[in-house]
Amino acid sequence: MKVHEYQAKDILKKYGVSVPRGRVAFSKDEAYEIAKEIGGTVVVKAQIHAGGRGKGTFKDGFQGGVKLAKSPQEAREYAGKMLNNILVTHQTGPEGKKVEKVYITEASEIEKEYYLGIVLDRAKECNVIMASTEGGVEIESVAEKTPEKIVKVWIHPLAGFQKYQARELGFALKLTGDRFKSFCELVEKLYIAHEQSDATLTEINPLITTKDGKVVALDAKMNFDDNALFRHKEIAELRDISEEDPLEVESSKFDLNYIKLDGTIGCMVNGAGLAMATMDVITLEGGKPANFLDVGGSATEERVKNAFRILLSDKNVKSVLINIFGGIVRCDVIAQGVISAAKEIDVKLPVVVRLQGTNSEKGMELLKTSGKNFLTADNLQEAAKIAVKAAMGE
Ligand code: ADP
Ligand code: MG
């Protein structure tokens, strides 16, 4: 699960990580009040679940989702321009994201920008802390062009974080004196925050040193492990559904494993492995899947119905491929779900069904006698071929 910058900073603050003062605003008047309270120059920052805001552009041409405001009036003006506007950054995709809140935070006097991040290194099977002198820019491009500028320390899962590891990073960044000391303290606190909140990613880009020698987290991004949210009620409550794909939100209500993609062939499959294989075969046949959808091993008629409805509400879908292997689930139950959904929704698109396994003949028979025009196939390749052709209108 992702959270906004202001929420990540609230969490980090609790662990003693130094962040600039600030509060979130939902209206321009609120922005004005907060800016007045903070006093002096503030920064107005669009809150969306994506980075690159500073260099982003709004749909109406307004430049930048991070703006320096010299007065409360100016903060109000910028908030007014950002709120309800669509911000496009290199991370949002061309459709952008709607800004529903802005963060009003005190402006820092930046001496230098650094990068600091914590993420799981799957190959090494432990967390890695990364730091770089190349802050404020995309870390992916630093990793690609000048990988030697990223220093890493790996945290042993049993021994845990060791103070010398922060010092190692501090030396590599060539920090000295107070800056070095503050940096080491911040890294330790950040790691504790990451570990104790079951984060999967904690990224501070930029981490800055100020002209008066402080080390401050100027931006913050945190992602959390969904499977651990049950033990972090206060974090689970930070979920912002407006930032998620509406179809994915809808499908999570029915325990469906649905991920929207940008192709034209809607897929309904039981089992994640089979769903992946189905997407592969569709691609091999020259088509593009519109989604990943695993209805689960114990799919009921009701779940299949909901899955079908969600699949079809994606406007890009031109044909549907249903690929079910009846192991625990019975194919006739799936067929019944598909038929009643097709009747309820009045499906006009071509629907290709491939059923194999328990009660597959019975399922096929139900489909054939349903009065609906289902296309059927015995094997996956054939089914994919038909679905791809149908999506192209052939
Ligand atoms: P994003 O990564 O989404 O572009 P950041 O929070 O990293 O957003 O902001 C982009 C840039 O704006 C930073 O690299 C920094 O130079 C500047 N900036 C952000 N917040 C502040 C602040 N509180 N004070 C001064 N400059 C800031
Ligand atoms: Mg940033």
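Modeller: Let us start with S8 (residues 110–121), which pairs with S9 in the antiparallel sense over 7 bridges; strands (E, at least two residues) and helices (H or I, at least four) are DSSP runs numbered from the N terminus, and two strands pair if DSSP finds at least two bridges between them. This is a predicted model, in which local features need pLDDT of at least 70 and side-chain atom pairs count only at pLDDT 80 or more, while totals for chains, interfaces and linings use all residues, and side-chain values use heavy atoms, with hydrogens and water left out. Residues are numbered from 1 along each chain as its sequence is written, and chains are lettered from A and ligands numbered from 1 in the order in which they are written.

Colleague: Which residue stands opposite Tyr-115 in S9?

Modeller: That is Ser-132. The hairpin of S8 and S9 has 4 residues between the strands, and in that hairpin Glu-125 takes a positive phi near 55°.

Colleague: Why is S9 largely enclosed by the rest of the structure?

Modeller: Strand S9 (residues 126–132) is largely enclosed because 7 of its 7 residues are buried, where buried means under 20% relative accessible area, exposed means over 50% and partly exposed lies in between (1.4 Å probe, protein chains only). S9 also pairs with strand S10 (residues 150–155), in the antiparallel sense and over 6 bridges, and in that pairing Ile-129 stands opposite Val-153.

Colleague: Back to S8, then: over how many bridges does S8 pair with S11?

Modeller: S8 and S11 pair over 8 bridges in the antiparallel sense, with Leu-116 standing opposite Ile-204 of S11. S11 is itself mostly covered, since 11 of its 12 residues are buried.

Colleague: What else does S11 pair with?

Modeller: S11 pairs antiparallel with strand S13 (residues 221–224) over 4 bridges, where Glu-203 has Lys-221 as its bridge partner. Another 3 bridges join S11 to strand S12 (residues 215–217), again antiparallel, and there the bridge partner of Thr-209 is Val-215. In the hairpin of S11 and S12, with 4 residues between the strands, Gly-213 takes a positive phi near 85°.

Colleague: Changing topic, which protein donors does the magnesium ion have?

Modeller: The protein donors of the magnesium ion (ligand 2) are Asn-205 (O) and Asp-219 (OD), which lie 2.1 to 2.2 Å from the ion. The pair links distant parts of the chain, 14 residues apart, with Asn-205 in strand S11 and Asp-219 in the loop between S12 and S13. Donors here are N, O and S atoms within 2.8 Å of the metal (3.2 Å for Na, K and Ca), and water is not among the atoms, so sites may look incomplete.
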